[in-house]
Amino acid sequence: MLVVWGRKNSINVQKVMWTVGELDLAHERKDVGGPFGGLDTADYGALNPNRRIPTIVDGDGPAIWESHSCVRYLAARYGAGTLWPEDAAARALADRWLDWMQTTLLPSLAPVFIGLVRTPAEERDTARIERSARAMGETWRILDAHLEGRQFVAADALTMGDIAVGAACYRYHALDVEGLGVERPALPHVAAWYARLRERAPFRTHVMIPLS
Ligand SMILES: N[C@@H](CCC(=O)N[C@@H](CS)C(=O)NCC(=O)O)C(=O)O
C-alpha cells in the first residue's frame, strides 16, 4: 500500500495527491503538518529528517520526500507512457517544468501567497505584495508563451510536467476567489490550459481546495 504523509491543503502534498488521483492508485493519506502537527516525532524524523511534508512510502520501498521526487517516482513507476514520457527528450520537456516551478515560479509566488493568505490583513506589506505580484505576472508570461499552440506543457496529454505548475496555477487564481485579488497580466494560453486542468476530476478533488 502507498502511504502519503501530509495535510491536504499543502501545495506540495497536492502535487502528490493529484498524481495519485491521475494514476488511480490505492493509498492511505495521513494528516500531519500544520494544525495536525506530528512532524516533530521521532518516527516522522526517521522518515523525513527535514520534518516537512509530503513524504511517501510505497509498500516495502524507501521513504521518499521532496514533492517533485515523489511525483517523479509515482509517474515513473505507475505512469510510464502517460505521466512519465518514455522518450528521454519528451521526458526532459516535462522535467524542466517541474524544476522551473521549484526554482523560478515558486520564489515569485511565495511572497504574494504568504503576504496575502498567511499574513493577517493589518500586518500586510501591500506595496511589497504588489511589487511581487507584478514580478510573478512576468514569470507566468514565460509559461503563457510556451503554451501557445500546445494542449499541455510537454505533450498533447497531461504529463508530470503539468503537475507542479498546475497546482501553482490554482493558487494564483484562487487568490481572486478568496477576495485577495492581485493584478494579473493577460495570460490567454495559461487560461486555456488551466480550463483543461479543471476538467480533470483528480485536479478538482486534490488541488482545488480552499486556501484558508
Ligand atoms: N521542497 C519541499 C518543501 C516541503 C515543504 O516546505 N512543505 C511544507 C508544506 S507546503 C511543510 O512541510 N510545512 C510544515 C507544515 O505543514 O507543518 C517539497 O517540495 O516537498
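Modeller: Axes here are lines fitted to C-alpha atoms, for helices over the stretch in contact, and angles run from 0 to 180 degrees between N-to-C directions. Helices (H or I, at least four residues) are DSSP runs numbered from the N terminus. This is a predicted model, in which local features need pLDDT of at least 70, side-chain atom pairs count only at pLDDT 80 or more, and totals for chains, interfaces and linings use all residues. Residues are numbered from 1 along each chain as its sequence is written.

The domain assignment, an automatic or database one, gives domain 1 (2–78) and domain 2 (88–206). Their C-alpha centres lie 22 Å apart. Twelve residues from domain 1 and twelve residues from domain 2 make the contact, where two residues count if their C-beta atoms, placed from the backbone, lie within 7 Å. On the side of domain 1 that touches domain 2, helix H1 (11–23) and helix H3 (67–78) each supply at least two residues. H1 gives the largest share, eight residues.

These two helices also pack against each other, at an angle of about 10° and with their axes 8 Å apart. H1 and H3 are therefore roughly parallel to each other, a term for angles under 35 degrees. Among the residues that meet are Val-16 and Leu-23 in H1, and Val-71 and Leu-74 in H3. The contact of H1 with H3 divides into eight nonpolar, three polar and one charged. Ala, Val, Leu, Ile, Met, Phe, Trp, Tyr, Cys and Pro count as nonpolar, Asp, Glu, Lys and Arg as charged, and the others, Gly among them, as polar.

Methods: Parallel < 35°, antiparallel > 145°, perpendicular 65-115°, else oblique.
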